[in-house]
Structure formats: C-alpha cells, structure tokens
Amino acid sequence: HDGNVGIGTTSPNLLLHLNRADAYLKFTNATTGTALADGIGLGFPSSNAIDAEVWNYENGYFRIGTNNAERMRIDGTGKVGIGTTTPAYDLDIVGTINARNLILRGNLQSRRATFNYLVINKAATFNGRVTINSLIVQGTITANTLVLKSPLEAPNGRFSTLNATTA
C-alpha cells in the first residue's frame, strides 16, 4: 500500500486512513488522563457520517493558526477571539468586520463605526465617532459624536428627546 496504513480498510489511500462510521482519533497525555472524556478528539462523533467534530475535553483553549501565527481562539469558557488571544466577550474581534447584514439582538457598544443602514431596537452606546446613513431607532442612543447624513425623520413625526446636529 505504498507505506500507507489502513484501519477498517484494505486499500488505504493516505498515510493513515481510518474507515468506520464512527471513526474517531483520540489524543491524550499524562496531564489530560486517558478516560473517554479526557484529551482531544477528532472525527465522526457517531454513526452519522456527515457530522464531524474537533473536541477538547479539557478546560483549556482551542486555537487555529496560519502562517505560524494564531488567528482564532476558543477559550475554556467558550469565548471566541479573532485577532486576540484573550477574548473578553462571547465573540471578541480585534480588527475590521465586513458584513452584509449584521443583526445584534442585545446592546451595541462601539468605539468607532460606519453604518449604511442601522436598526436599533434596544440601546446603543458609541464612545467614538459614528457615521450612519440610514437609522431606525426604537430605543436609546448614547454617543459622543453622531453624524447623520440624511434628514432626521421620526415614524410618528416627532422625537421624544433629540439633542443632535446633522451634518
């Protein structure tokens, strides 16, 4: 087999080829222990061959890197960091986010932001400059600087409180 090793197959096509409905690799060491719920697992978690997983059974982080640098980390509490090794939030991104549609179900806090279209249903706090081309607010906005590029309009024709200038 050209030096290939097969487990569950008589014709391995890679260096190590596992063939079984629930094919799963387990990595453990002296620190993790060797029980079923120890170490790291990789493979198909059940006989459902379309599902796959990488599972860290320990209370440690899981990281992904490219070009000899860490790019993403999931810490032991489930916080995900992209561009940071110490995520402080459920999703903590250090860098620029490009999204066609961004839906936030809770409060929005931002140091600097530019939005073509923004809907706020609860509350938003901006600590830096914010530029918004189209804005719908059904909650509260707190901002140091808020630049609205369009005329201000309210659904009922009035604002309950308005302390803003338009650019």
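This is a predicted model: local features need pLDDT of at least 70, side-chain atom pairs count only at pLDDT 80 or more; totals for chains, interfaces and linings use all residues.
Strand S4, which spans residues 40–43, has a covered face made up of Gly41 and Gly43, while Ile40 and Leu42 form its uncovered face.

**Strand pairing around S4**

- On one side of the pairing scheme, strand S3, residues 24–27, runs antiparallel to S4, and the two are joined over 4 bridges.
- Within that pairing, phenylalanine 27 stands opposite isoleucine 40 of S4, and Ile40 is one of the residues on the uncovered face of S4.
- S4 also pairs with strand S5, residues 53–56, again in the antiparallel sense and over 4 bridges.
- The bridge partner of glycine 43 in S5 is glutamate 53, and Gly43 belongs to the covered face of S4.

**Aromatic rings and a charge over a ring**

- A pair of aromatic rings is described by the distance between the centres and the angle between the planes.
- The search of the whole structure returns 1 aromatic pair, formed by tryptophan 55 and tyrosine 57, with 6.2 Å from centre to centre and 50° between the planes, an arrangement that counts as tilted.
- Tryptophan 55 is partly exposed, with a relative accessible area of 43%, and tyrosine 57 is likewise partly exposed, with a relative accessible area of 28%.
- Separately from that pair, arginine 73 lies over the face of tyrosine 61, at 3.8 Å from the ring centre.

- Although asparagine 56 and glycine 39 are 17 residues apart in sequence, their C-alpha atoms are 6.3 Å apart in space.
- When residues up to four places away in sequence are not counted, asparagine 56 touches Gly39, Ile40 and Tyr61; of these, Ile40 is on the uncovered face of S4, and tyrosine 61 is the residue whose ring face lies under arginine 73.
- The side chain of asparagine 56 reaches the backbone nitrogen of glutamate 58 at 2.9 Å.

Technical notes. Residues are numbered from 1 along each chain as its sequence is written. Side-chain values use heavy atoms; hydrogens and water are left out. Buried means under 20% relative accessible area, exposed over 50%, partly exposed in between (1.4 Å probe, protein chains only). Two strands pair if DSSP finds at least two bridges between them. Rings of Phe, Tyr and Trp (its six-membered ring) pair if their centres lie within 6.5 Å; planes under 30 degrees apart count as stacked, over 60 as edge-to-face and the rest as tilted. A charge sits over a ring if NZ of Lys or CZ of Arg is within 6 Å of the ring centre and within 35 degrees of the ring normal. Contact means heavy atoms within 4.5 Å. A polar contact is a pair of N or O atoms within 3.5 Å; within protein, one must be able to donate a hydrogen and the other to accept it, and residues adjacent in sequence count only if both atoms are side-chain atoms.
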